[in-house]
Amino acid sequence: MPLPKPPATKAAILSPADFESQAAPRAERKSGKTRAEPAAPASLDLFDGAAAVAAPKLPARGGAKATAAVAAPVAAPKPASPGMPTKQLSLATPPAPGAKPRVRSPRGSGPAKLFVLDTNVLMHDPMSLFRFEEHDVFLPMITLEELDGHKKGMSEVARNARQVSREMDALATDGSLDPAAGIPLNKTGHKDAGGKLYFQTLLMDVQLPAGLPQGKADNQILGVVKSLRETESLKPGGREVVLVSKDINMRVKARALGLAAEDYFNDKVLEDGDLLYTGVLALPGDFWERHGKTMESWQQGGHTFYRIAGPMVPVLMVNQFVYLEQPGAAALYARVTEITGKTAVLKTLKDFTHAKNAVWGVTARNREQNFALNLLMDPECDFVSLTGTAGTGKTLMTLAAGLSQVLDDRRYTEIIVTRVTVPVGEDIGFLPGTEEEKMGPWMGALDDNLEVLAKGDGSAGEWGRAATQDLVRSKIKIKSLNFMRGRTFLNKFVIIDEAQNLTPKQMKTLITRAGPGTKIVCLGNLAQIDTPYLTEGSSGLTYAVDRFKGWPHSGHVMLARGERSRLADFASEVL
């Protein structure tokens with residue numbers, strides 16, 4: 001209800017016209033001429049054309065004028081610019097004739113497609129049925145037959161085949177199955193899947209080239225794709241039929257037959273390995289000029305803290321390392337410890353390049369190694385990942401930090417080392433002995449680094465070094481990945497070596513073993529992946545680095561420069 005104007009002079013009273021003007025809107029609201037629903041709130045609609053504004057005006061001093069203003073609230077606004085939508089406030093008033101409402105564009109671009117899935121896609125990712133957004137999925141009958149043949153066993157492929165079968169069983173139940181209408185993929189709670197699932201129910205007689213055997217499963221799937229493409233081409237506005245397969249040769253055969261074929265990319269965290277988070281950011285040369293005016297600084301515990309607010313804050317992440325090196329000025333090496341709104345706090349680092357801060361006799365030889373040692377020695381950092389080429393010092397620094405915190409600081413009870421048993425060449429067969437004896441040949445890198453660390457104390461003598469080596473060996477346990485399920489590590493320093501050979505599911509299994517007080521360190525070189533069907537984009541190490549970035553209790557550093565030898569450094573560049 002609009003209020004009358006306040007009195008202009010002292011002891012002024014309202015005129016009878018003011019009382020009449022306040023009673024007018026109530027009569028119109030009850031009659032239902034201006035509003036269909038009295039309790040409907042004001043809604044903000046977007047129209048392309050010039051729409052009417054139905055907003056009640058303030059009443060005037062005169063009664064007749066006020067009643068007329070409320071009874072006819074429609075006023076023609078200024079015409080909008082052609083092609084530019086204008087915001088209009090409407091109280092349940094229909095748009096003007098000819099006005100087109102602005103429709104939100106769909107999530108995907110272009111028309112929906114029909115994806116035909118190969119069996120290897122389902123066995124690679126059991127949730128691949130729900131990864132195609134608004135597009136439809138078609139499963140040939142031979143795909144179901146192949147899934148049935150691979151479901152027995154304890155391998156990861158067999159587990160994935162059984163998982164796919166359970167997902168399809170959940171989709172096919174709770175209602176009548178109409179093959180022509182399809183099954184909505186979002187009926188089991190997967191909201192991102194907006195398409196439908198179709199099964200092959202009819203035998204498709206397609207003539208493939210004579211060189212392709214008809215009885216092979218891959219060729220039968222190609223025949224289904226060709227038949228679907230011919231069927232869709234006859235329909236008005238038919239969809240594009242695309243084959244999705246992890247088999248490179250099958251995609252080549254499909255393209256040779258003129259069929260659209262694609263790889264399954266949803267399992268890849270990154271399309272390009274160069275886009276992987278490095279954990280290190282170089283500050284611009286004008287950093288102090290652009291951020292110095294509003295910067296706050298203080299000292300605490302031997303470290304200097306800087307609180308900055310400026311254009312650099314949106315690109316920073318917690319536990320990311322920043323540095324500024326300028327000739328003739330002191331270098332700045334800091335770590336982002338806090339991001340609150342538009343401000344970030346930088347904390348200077350402990351200098352592990354100096355001999356007084358050596359970790360078990362090991363000092364950092366370059367900037368990235370100093371960053372890595374700051375993460376490894378930080379008790380608040382529960383997950384650390386180090387990547388880099390061969391010879392960058394990943395294993396040596398991690399072992400030194402682990403021994404220092406187990407034997408000197410007694411922060412952890414022991415070191416647990418594990419790795420994937422994937423050979424570079426041919427498999428040499430079964431290995432005799434216990435679990436640790438079987439894992440011994442795979443832990444040659446551990447022995448080499450322990451030998452380097454044992455030689456650091458030259459004044460101890462041969463007997464002293466032998467006793468130290470026995471003590472070190474007693475604090476290091478070598479475990480196999482095969483027996484990790486269900487375990488919980490309490491106050492352990494866990495090292496996962498060669499983590500680039502892990503799948504995302506294996507990486508999740510290992511990291512979730514951590515109990516209270518446990519630190520997990522993942523080491524790997526994405527350029528040396530030995531696991532079949534695993535790439536830089538789909539590796540478990542890439543998956544962990546991408547998911548953990550920005551978490552306050554994790555950190556990542558990509559080591560850049562090799563320190564093993566000049567021969568190894570040159571070989572990693574040119575070979």
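This is a predicted model: local features need pLDDT of at least 70, side-chain atom pairs count only at pLDDT 80 or more; totals for chains, interfaces and linings use all residues.
Residues are numbered from 1 along each chain as its sequence is written, and side-chain values use heavy atoms, with hydrogens and water left out.

Accessible areas come from the Shrake-Rupley method with a 1.4 Å probe, and for residues only the protein chains shown count as cover. L575 lies in the segment after α16 (566-574). I found L575 exposed, at a relative accessible area of 83%. For this and later entries, buried means under 20% relative accessible area, exposed over 50%, and partly exposed in between (1.4 Å probe, protein chains only).

**Entry: the whole protein**

I counted 16 helices and 22 strands in the protein; helices (H or I, at least four residues) and strands (E, at least two) are DSSP runs, numbered from the N terminus. Of the 575 residues, 40% count as buried. The protein exposes about 32,300 Å², of which carbon and sulfur atoms supply 55%. Among contacts between residues at least 6 apart in sequence, 67% join residues at least 24 apart; a contact means heavy atoms within 4.5 Å.

**Entry: the six-stranded sheet**

I traced an open sheet of six strands with mixed pairing, in the order β11-β14-β15-β16-β13-β12. The edges are held by β11 (280-282) and β12 (296-300); each has a single partner strand, so one side of each is left without a neighbour in the sheet. From one strand to the next, the twist averages 30°. Two strands are said to pair if DSSP finds at least two bridges between them. I noted that β14 (residues 321-324) and β15 (residues 332-340) run antiparallel and are joined by four bridges. Within this pair, V322 stands opposite A334 in β15. Helix α9 (residues 367-376) packs on the sheet, touching β11, β14 and β15, and its direction makes about 145° with that of β14. Such axes are lines fitted to C-alpha atoms, for helices over the stretch in contact, and angles run from 0 to 180 degrees between N-to-C directions.

I then looked at Q369, which is placed in helix α9. Q369 is buried, with a relative accessible area of 5%. Leaving aside neighbours within four places in sequence, Q369 has contacts that include T392, M397, L559 and E563.

On strand β13 (residues 303-308) I looked up R307. R307 counts as partly exposed at 25% relative accessibility. Not counting residues up to four places away in sequence, R307 touches residues including T294, W298 and E338. The C-alpha atoms of R307 and T294 are separated by 8.4 Å, although the two are 13 residues apart along the chain.

**Entry: strand β9 and its partners**

Strand β5 (residues 114-117) pairs with β9 in the parallel sense over four bridges, and V116 has L243 as its bridge partner. Strand β10 (residues 260-262) also pairs with β9 in the parallel sense, over three bridges. There, the bridge partner of L243 is A261.

**Entry: salt bridges**

A search of the whole structure gave me 17 salt bridges, each being a side-chain nitrogen of Lys or Arg within 4 Å of a carboxyl oxygen of Asp or Glu. K246 forms one with D263, the closest N and O atoms being 3.6 Å apart. This pair links distant parts of the chain: K246 is in the loop between β9 and α7 (248-256), and D263, 17 residues apart from it, is in the loop between β10 and β11. K246 is partly exposed at 25% relative accessibility, whereas D263 is buried at 15%. Within it, the side chains of E232 and R239 meet at 3.4 Å, N to O.
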